[in-house]
Amino acid sequence: MRWKTDTYSGWGRALKAEGELARPERISALKALPLAPAMGARRSYGDAALNDSGRAVDMTRLDRIIGFDPETGLLEAEAGLSIAEMVRIFVPRGFLPAVMPGTGFATLGGCIAMDVHGKNHHHDGSFGAHVEEIRLLRGGKDVVISREKQKEVFRATLGGLGQTGVIMSAKIRLREIPGPSMQVQERRAESLEEHLNMLDASQARYTVGWLDATAKGAAMGRGIVEEAEHGHADAPAEEKAKSVPVDAPRFALSKPVVKAFNAQYYRRIPEGGQRRMRSIPDFFFPLDRIHDWNKLYGKRGFHQFQCVIPLSGRDALRGIVEAIASSGLASPLAVLKRLGPEGEGMLSFPMEGYTLAVDFPARAKTPALIEKLIALTAEAGGRIYLAKDSLADGASVRAMYPGHAKWAAIAAKGDPAGALQTDLTRRLGLRSAT
Amino acid sequence: MNKNWIILGATSSMARALARELAGRGDNIFLAGRDMDDLERIATDCRMRGTGEARAVKFDARKLETFTPLIEMLSDQEGEINAAVFVGSMPEQEEIDADPALVDGTIIDSFTGPARFLTMLAPLMEARGGGTVVGVGSVAGDRGRVGNYVYGAAKAGFHTYLSGLRNRLTRAGGHVVTVKPGFVDTAMTWGIEGMFLVAPPEKVAGDILRAVEKRKNVIYTPFFWRYIMLIIRSIPEPIFKKLSI
């Protein structure tokens, strides 16, 4: 297998790596490679899929369906299969991945390694909750792990950042759906308090809030709450994909532009709310229609901050939103969601509480702001999401994840030499138990 | 009508992309190659994505004994017989220079093996009165270059063979599409320096299917390679022989 020397980055493009990449097209070719971290579509924002000055294995060509049973909804596929492909193939047959991240470009392996969540975490838990079995290349062996076989390794692999072994394939349970459409209701939330109350009260299967991170004073934390259920009807035509051909200039996301855009976006929804029908991709992956939207942040890229704050921490959340609003750095991309109880993954992000995700263009003042937000999160007993992070410090992250020491021991057992380490695990010192 | 496709060299990423497209249409697919484990996996993938039958079958361009069982199997199928040939091997020219025995293998894999198979298949296609052969050649076959002239020569031979086969099958209602890919993003080109405007295999598969439908004779994919090669072919030999492109 030839190695390709390349400079590559995560979705945020603020961090880069230079190294050698292999892209096997068969499992036998993958197994013949020296051990190196596996990467999927590189939709993690920071450095989770980077290995600067080292090697990495691109899994996207290992994307075959190994089996599907329409009786049980059990799908087995290679790690490189994308969520969007699953949607394209299985929605016409009445099935959908039970948990879907905000981008369809994410791969099966990536969704497991990050234990991603969707707009239904409060009902259905994280992606890992629907994984039945994982085939790992671990310690030079081809092993199958599940809740029955090597349960602890299985739990360490859900959200395990690819450190317990290379995820080759997995079996996941798909959800049966009545049809290809989504019935979506959108309502305004006039303040943070109302926003959180609406998220708490929502009974819908899918609930998500868009937050105007530029609004201050009484309007601080205002936004639009979207609630959705699967519909029987045929879906409306999908909106056409567009792409961002070049890096946008800096003013594109300057403070006045974002403020004006957000106000407009908020008023898009009439005061009494609105209902509409949408296709599954348009509802779940709204940004996928704009290919390479990360270029809107210009060539310096951007950072995303995502935290979860326990339900009791509303005041802390208010402090975080306030810090963001007064920084003037926020972009229009800000999402507020309610998460349900913690799952099985030892290093999984979701825990019961409110999760807030905000994008910030990479500017001089951005790191200081994000560091402050991380400190506020830690103080409130919350967590930051490693799929998004590019700026945290190791000690505070390790303290946020109580399962860390046990996880590190399991990762070390399968990879004592640390050949699966990435820029993220090195930056945060995750592979050492202390 | 029932359509059968035999795909030689089915583990290549271009072939895989084409097989998925054909599976989506509900055609019967026979995936031929050497790596049976991987072929089985591709066959399952095609069955899961489509409605037709997909089966892994053994084919080795260097083992003539694998040819006859395939021809017999195809003659047992009802309906139209089509073939797509993706086989070929491209050792580095320096490797060949160091070990001239590699010349033979390269020519068998890329030219004489598939040519022999297609010659055995042609009577069956003629008897059925139709069907299409997709022969994947290469822009490397359009002119011999210092960097890979053995592979280029094998592909040039294959192009000429396909042109003759087209002439033959046309009389019986059949057709031959010669496909000349430029740089395609496959395991063969991964990590080679100097690649530009690399096309994804899915794009090539789409171009091939369109060419089959429209009964095109020779296509370059992506299309602009036709013009690049036009320029390269038009350079006078006294100048060309001094270039290293």
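Biologist: Where is A:Lys337 placed in chain A?

Modeller: In this predicted model, A:Lys337 belongs to strand E18, which covers residues 334-339 of chain A.

Biologist: Is A:Lys337 buried or exposed?

Modeller: A:Lys337 is buried, because its relative accessible area is 11%, and the cut-off for buried is under 20%.

Biologist: Which residues does A:Lys337 touch, leaving aside those up to four places away in sequence?

Modeller: A:Lys337 touches A:His117, A:Gly118 and A:Lys119, together with A:Leu199, A:Thr207 and A:Val208. A:Gly353, A:Tyr354 and A:Thr355 also touch A:Lys337.

Biologist: How many residues apart in sequence are A:Lys337 and A:Thr207?

Modeller: They are 130 residues apart in sequence, while their C-alpha atoms are 7.1 Å apart in space.

Biologist: Turning to the two chains, how many residues does the contact take from each?

Modeller: Chain A gives 23 residues to the contact, and chain B gives 23 residues.

Biologist: And what area is buried between them?

Modeller: About 2,100 Å² is buried between chain B and chain A, with 42% of that area coming from carbon and sulfur atoms. Within chain B, the residues that lose the most area to chain A are B:Arg41, B:Met48 and B:Trp190, which together make up 39% of what that side buries.

Biologist: How many salt bridges are there between chain B and chain A?

Modeller: The count is eight salt bridges. One of the salt bridges joins the side chains of B:Asp38 and A:Arg64, at 2.8 Å from N to O.

Biologist: What about residue pairs in polar contact, how many are there between the chains?

Modeller: There are 18 residue pairs in polar contact between chain B and chain A, counting pairs with both residues at pLDDT 80 or more.

Biologist: Now the cysteines. How many disulfides does the structure hold?

Modeller: Over all chains, the structure holds zero disulfides.

Biologist: Are A:Cys307 and B:Cys46 buried or exposed?

Modeller: A:Cys307 is buried, with a relative accessible area of 0%. B:Cys46 also counts as buried, since its relative accessibility is 2%.

Biologist: On to the backbone. Which residues does a cis peptide bond join?

Modeller: A cis peptide bond joins B:Thr221 and B:Pro222, with omega at about -10 degrees. B:Pro222 is in the loop between strand E7 (218-221) and helix H8 (225-234) of chain B.

Biologist: What is the phi of A:Leu161?

Modeller: A:Leu161 has a positive phi of about 55 degrees, although it is not a glycine. A:Leu161 lies in the chain A loop between helix H5 (151-157) and strand E10 (166-176). At 8% relative accessibility, A:Leu161 counts as buried.

Biologist: And B:Leu197, where does that residue lie?

Modeller: B:Leu197 is in the chain B loop between strand E6 (175-181) and helix H7 (201-213). B:Leu197 also has a positive phi, about 45 degrees, and is not a glycine.

Biologist: Why does B:Leu197 count as exposed?

Modeller: B:Leu197 counts as exposed because its relative accessible area is 54%, and exposed means over 50%.

How values were computed. Residues are numbered from 1 along each chain as its sequence is written. Chains are lettered from A and ligands numbered from 1 in the order in which they are written. This is a predicted model: local features need pLDDT of at least 70, side-chain atom pairs count only at pLDDT 80 or more; totals for chains, interfaces and linings use all residues. Side-chain values use heavy atoms; hydrogens and water are left out. Contact means heavy atoms within 4.5 Å. Buried area is the accessible area (1.4 Å probe) that two parts lose on being put together, summed over both. A salt bridge is a side-chain nitrogen of Lys or Arg within 4 Å of a carboxyl oxygen of Asp or Glu. A polar contact is a pair of N or O atoms within 3.5 Å; within protein, one must be able to donate a hydrogen and the other to accept it, and residues adjacent in sequence count only if both atoms are side-chain atoms. A disulfide is a pair of cysteine sulfur atoms within 2.5 Å. Buried means under 20% relative accessible area, exposed over 50%, partly exposed in between (1.4 Å probe, protein chains only). Helices (H or I, at least four residues) and strands (E, at least two) are DSSP runs, numbered from the N terminus.
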